[in-house]
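I set out these notebook entries to record what I looked up, residue by residue.

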Amino acid sequence: KSTIRAQTPELLANINVCFVKESDNLTQNKVLLRGLEILSRISEHVSDAGNAKALLDLLLPLLRRPARVVSEKTKAHILEIFLKFLELVISDAAEHATAGQPESPRQRLFTQFYGLTSFGFSTIKSRDCRVLLCLVLEKLAKVDPCQGSGCTPVPLMPVVEVVTDLNAYSTKRLEEPDFDRRLAAFSRINDECWCDPNKLDARAWLPVLHNLVYFSQDVDEMSIRSNASHGLTRFIERVAQVLGAQPTPDEAEVQQFRSHMVHIVYVAIKRALDSQHKVVRSEYLAVLAHAVRKCGDKFVQLGDLRALDHEDEEASFFFNIQHIQLHRRIRALKRLVILINPDQDTGDDSAMEVEENAPTQRAAHWFRTSTLTKLLVPLFERFVFESDIQADHSLVAETINTLGAIGLVLPWESYYALLRKYLRIVRRKPDLERPLFRIVVSFLNNFHFDIKSAEASASVAEAHDA
C-alpha cells in the first residue's frame, strides 16, 4: 500500500493526460476502460485534490450519456471513483464566497455534484449503479455546506433514507426488489412528507423527483408504477401551492420549483407519451391532465392544453383519449380537430360540444407548435403504428385525419420535418406502408403555404444568374 500511495500522484496525472487526449474515444478505447477499473481500485489512496478534480470534470459528464454509448459497467467504475474522490474535492474547494458571487466555490461544486447524482436516478438502471448512487447521495448529505449556515431548513439525510428505501433490494431473493421498503418509502413521500412542506423543499425534492420519474416507467410492477405516478401528481400539487401562496415564498425557492416542473416533469411527460409501452403512456396522460388542471395557468408549456380539459372527467380529452372504448377515443380526436380547425366537418354532432373554456378563435393562435409536435403527434402516431388496421380501422382513419388537421396549423419547418420523417419510416417499415402513405396524403391535402412568393424569388434568382 505504501508503494501504491507513493506513486499515486504521478499515476493519476498520467492517467488524466491519457483521458484528455482520448476523451472523444473514451467509451470505445478498451485500454482506457481498463484504466478506469484500475483507477477505481487505487482511488482510495489519492490525496491530490487538483488531479482528482480534473479527472472528475472529465469523467462525470459520461454519466449523462445513454447506456448504448457508455455501458452501465463503465458508469459503475466512474461512480466508484466519484464516491472516493467526492469528499477530497469538496473539502479542497474554498468555503467562502468571493466578492460579487452569491455562492462559495464549495457550494457551487456541491450543487453540481448533487444535480448530477440526482439525474442519475432517472436514467441508470442496473442495481450496482443505483446502490452506488445512494452511497454518493449519502456522502453528499454528510458534506453538505449548507447545513448549519441557514441556507436551507431541510437537511438532506432524511431524503437519503427515503431514496435508499426506494432503491432497496430483497436480502432473501436474488435481484428482487424489497417491496415492503419501497412501498413504505412511497407512502412517506405521498402522505407524510407531502402533508408537511417543511420536510421537502425544492432542493430536497430533486433526487426524489428523478426516482419518481424512473419508477413511473416501470412496465412490470403496477404497484411501483402507480405509486410513483401518484408521487408526481403530489409534486404538481406542491408546485401549485408554492406558486399560489400568499405572501409569496422565497423567490429562489419558487424558481427552483418552476425549474423542476419544466425541466424534469414536463420533459418526462414528453418522453413518456412517445413510449412504446401503453401502460406508461396512460400513467403520464393522467399526470399531464393533473398538471394542466393544477398549473395550466402558471406555465406557458401547459396553458394551451387547458382547452382540452373539462370539469367533468367524462368530457375531458385526457380521459377519453386513453379510454378502452374506441368510440370514446374517436370522439376525443374529433373534438381536437374542431379545436384546431373549427370550419372542418367531422361528421359527428356530439363532437361539436366543445369545452366551455375553449377559445372560439382558431386554435392556431393558442396551440403551441411544440405542444402539437412533441406531445400530441407522438401520442397519435402510436395509435396508427400499434393498432390493428383491420379491426381498429375507424380509430386509425380518425387519427390520420387528426394528424392532417395538425399539419394545417404547423409552420413550414415543423410541417416539412414531419413529412420527411414519415417518408423515411416507410423505407424502414414496409409493413406500415399503407397507413404511412395515408398520413402523407393527409398532410399534403392540408398544405397551407403560399408558394407564390417562393416562385417569384426563384424567378428573380434565375434572372440574376442569367
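**Entry 1**

I began with Glu237, which is buried, having a relative accessible area of 18%. I note that the model is predicted. Elsewhere, I recorded a network in which Asp274, Arg281, Arg382 and Glu386 are joined by salt bridges that share partners.

I then returned to Glu237 and Arg234 and found that their side chains form a salt bridge, at 3.5 Å from N to O. Both residues belong to helix H10 and stand 3 residues apart, about one turn of the helix.

**Entry 1: Thr233**

I next looked up Thr233, which is also placed in helix H10, residues 222-244. Its relative accessibility is 13%, so Thr233 counts as buried. Which residues does Thr233 contact, leaving aside its neighbours within four places in sequence? I found Val287 and His290.

How many salt bridges does the structure hold? I noted 16.

In one of them, I found the side chains of Arg127 and Glu175 at 3.9 Å, N to O. I recorded Arg127 as partly exposed at 27% relative accessibility, and Glu175 as partly exposed at 49%.

In the other, I found Glu138 and Lys142 joined through their side chains at 3.7 Å, N to O. Glu138 is partly exposed, with a relative accessible area of 29%, whereas Lys142 is exposed at 60%.

**Entry 2: a positive patch**

Finally, I looked up Arg420, which lies in helix H18, residues 412-428. Is Arg420 buried, partly exposed or exposed? I recorded a relative accessible area of 44%, so Arg420 is partly exposed. Its C-alpha atom is 9.1 Å from that of Val440, a residue 20 positions away along the chain.

I found that Arg420 forms a positive surface patch together with Arg424, Arg427, Arg428 and Lys429. I also checked Arg428, which has its place in helix H18. Arg428 is exposed, with a relative accessible area of 60%.

Terms used
Residues are numbered from 1 along each chain as its sequence is written. This is a predicted model: local features need pLDDT of at least 70, side-chain atom pairs count only at pLDDT 80 or more; totals for chains, interfaces and linings use all residues. Side-chain values use heavy atoms; hydrogens and water are left out. Helices (H or I, at least four residues) and strands (E, at least two) are DSSP runs, numbered from the N terminus. Buried means under 20% relative accessible area, exposed over 50%, partly exposed in between (1.4 Å probe, protein chains only). Contact means heavy atoms within 4.5 Å. Patches are made of residues with over 30% relative accessible area and no salt bridge: like charges are joined within 9 Å, nonpolar side chains (Val, Leu, Ile, Met, Phe, Trp, Tyr) within 5 Å. Accessible areas come from the Shrake-Rupley method with a 1.4 Å probe; for residues, only the protein chains shown count as cover. A salt bridge is a side-chain nitrogen of Lys or Arg within 4 Å of a carboxyl oxygen of Asp or Glu. Lys and Arg count as positive and Asp and Glu as negative; His and the chain ends are not counted. The place of a charge is taken as NZ of Lys, CZ of Arg, CG of Asp or CD of Glu.
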